[in-house]
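My plan is to pick one part and look up its surroundings.

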Amino acid sequence: ESVIAVRPEETLQPHLESYQTNRELRFDINNGITLCDTCHKLFHYLYGYIDNNTSQYQEFKRNAEAAQ
């Protein structure tokens with residue numbers, strides 16, 4: 001699902017809903033996505049590291065797809 005295609009060994013599995021503020025979702029596999037390291041860093045550059053959520057990811061993905 002990564003926006004930028006890379007080798008599988010370069011992927012990360014960040015949380016959709018913030019790890020810090022959603023304790024009940026920390027280990028829920030449905031609260032994770034697969035991103036390459038570049039996409040992960042770009043996401044946090046744009047949206048910060050605190051209180052991230054699914055809506056931010058959906059916006060990020062739409063914008064990335066529109067740019068391609």
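This is a predicted model: local features need pLDDT of at least 70, side-chain atom pairs count only at pLDDT 80 or more; totals for chains, interfaces and linings use all residues.

Entry 1. I start with helix 1, which runs over residues 37-47.

Entry 2. Which residues of helix 1 are buried? I find C39, H40, F43, H44 and Y47. Around the axis they cover an arc of only 130°, so they sit on the same side of helix 1.

Entry 3. What do those buried residues pack against? I looked up their partners and got strand 1 (11-12), strand 2 (35-36) and helix 2 (54-67).

Entry 4. Next I picked out H44, one of the buried residues of helix 1. Its relative accessible area is 12%, and the cut-off for buried is under 20%, so H44 counts as buried. Leaving aside residues up to four places away in sequence, I see H44 touching Y49 and N52.

Entry 5. Then I turned to the other side of helix 1, where K41 and Y45 are exposed. Y45 came up again when I checked the surface: together with L42 and L46, Y45 forms a nonpolar patch. The accessible area of the three together is about 360 Å². I also checked where L46 belongs, and L46 is in helix 1.

Entry 6. Last, what follows helix 1? I noted G48 there, with a positive phi near 80°.

How values were computed: Residues are numbered from 1 along each chain as its sequence is written. Side-chain values use heavy atoms; hydrogens and water are left out. Helices (H or I, at least four residues) and strands (E, at least two) are DSSP runs, numbered from the N terminus. Buried means under 20% relative accessible area, exposed over 50%, partly exposed in between (1.4 Å probe, protein chains only). Contact means heavy atoms within 4.5 Å. Patches are made of residues with over 30% relative accessible area and no salt bridge: like charges are joined within 9 Å, nonpolar side chains (Val, Leu, Ile, Met, Phe, Trp, Tyr) within 5 Å. Accessible areas come from the Shrake-Rupley method with a 1.4 Å probe; for residues, only the protein chains shown count as cover. A salt bridge is a side-chain nitrogen of Lys or Arg within 4 Å of a carboxyl oxygen of Asp or Glu. The arc is that of the directions from the helix axis to the C-beta atoms.
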